[in-house]
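Open the model in your viewer and keep the sequence panel beside it. The stops below say what to select and what is found there.

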Amino acid sequence: MTDIGYAGEQLLDAWLNLTSTLWNTRIVSSLSYNEAHVMGILLRCSTKEAPMTATDLIRRTRLLKSQMNKILTRLEALGFITRVRSMQDKRMIHVLLTEAGKTAYLKEHKGVEAILDQLVSRIGADHALSVARDLCEITDELDSIVPPPGR
């Protein structure tokens with residue numbers, strides 16, 4: 001195996017170990033992993049000036065349209081999001097986090113923050129930031145090789 005092949009296999013193994021740990025460990029109790037992920041995106045990225053659409057969320061999460069529709073339908077039924085038709089472009093529907101959704105997400109996120117605090121304490125803030133930058137760079141490069149859906 002070449003050095004590039006070996007490095008790629010090691011990167012894939014590390015990536016799968018990380019995502020499996022996050023996916024299979026019930027860090028949040030009342031939401032699925034994808035529901036919490038979508039709500040986190042809405043909380044961090046959605047503003048009144050540029051609200052998110054389901055298409056934006058699909059691009060960010062790389063979920064299938066059918067998966068996203070199921071997640072949004074459940075979150076809407078729970079009262080955590082609303083879908084509002086755009087006044088500027090009637091074809092667009094904006095997805096907004098409600099106050100109840102924000103409260104529910106932040107309640108669940110407290111447990112995640114406690115875990116992250118322990119992790120950063122163990123590996124150090126500088127190392128954590130370095131790994132975060134590296135992961136963002138890897139993700140950006142991967143997006144240039146395998147574009148997200150709809151791009």
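The tour goes from the sheet to a helix across it, then to charged pairs and a surface patch.

**Before starting.** This is a predicted model, in which local features need pLDDT of at least 70 and side-chain atom pairs count only at pLDDT 80 or more, while totals for chains, interfaces and linings use all residues. Residues are numbered from 1 along each chain as its sequence is written, and side-chain values use heavy atoms, with hydrogens and water left out.

Stop 1: Select residues 52-53, 81-85 and 93-97, which are β1 and β2 and strand β3. Helices (H or I, at least four residues) and strands (E, at least two) are DSSP runs, numbered from the N terminus. The three strands make an open sheet in the order β1-β3-β2, with antiparallel pairing; two strands pair if DSSP finds at least two bridges between them. β1 and β2 stand at the edges with a single partner strand each, so one side of each has no neighbour in the sheet. Between β2 and β3 there are five bridges, in the antiparallel sense.

Stop 2: Select histidine 94, in strand β3. Is histidine 94 buried or exposed? Its relative accessible area is 13%, so histidine 94 is buried (buried means under 20% relative accessible area, exposed over 50%, partly exposed in between, with a 1.4 Å probe and protein chains only). Not counting residues up to four places away in sequence, histidine 94 touches Pro51, Met52, Thr53, Thr82, Arg83, Val84 and Ser86, where contact means heavy atoms within 4.5 Å.

**Stop 3: the helix across the sheet.** Now show residues 33-45, helix α2, which lies across β1, β2 and β3 and runs at about 95 degrees to β3. For such angles, axes are lines fitted to C-alpha atoms, for helices over the stretch in contact, and angles run from 0 to 180 degrees between N-to-C directions.

**Stop 4: charged pairs.** Side chains of opposite charge can pair when their charged atoms come close. A salt bridge is a side-chain nitrogen of Lys or Arg within 4 Å of a carboxyl oxygen of Asp or Glu, and by this rule the count is five. Three of them can be selected as follows:

- Glutamate 35 and arginine 74 have their closest N and O atoms 2.6 Å apart. The pair links distant parts of the chain, 39 residues apart, with glutamate 35 in helix α2 and arginine 74 in helix α4 (residues 65-77). Glutamate 35 is buried at 5% relative accessibility, whereas arginine 74 is partly exposed at 37%.
- Aspartate 56 and arginine 59 form a salt bridge with closest N and O atoms 3.6 Å apart. Both lie in helix α3 (residues 54-61), three residues apart, about one turn of the helix. Aspartate 56 is partly exposed at 24%, and arginine 59 is partly exposed at 34%.
- Arginine 83 and glutamate 76 have their closest N and O atoms 3.1 Å apart. Arginine 83 is partly exposed at 29%, as is glutamate 76 at 35%.

**Stop 5: a nonpolar patch.** Finish by selecting Leu12, Trp15, Leu16, Leu18, Val131 and Leu135, which make a nonpolar surface patch of about 470 Å². Patches are made of residues with over 30% relative accessible area and no salt bridge; like charges are joined within 9 Å, nonpolar side chains (Val, Leu, Ile, Met, Phe, Trp, Tyr) within 5 Å. Accessible areas come from the Shrake-Rupley method with a 1.4 Å probe; for residues, only the protein chains shown count as cover. The elements giving two or more residues to the patch are α1 (3-24) and α6 (125-145). α1 gives the most, with four residues. Valine 131 is in helix α6 and is partly exposed at 33% relative accessibility.
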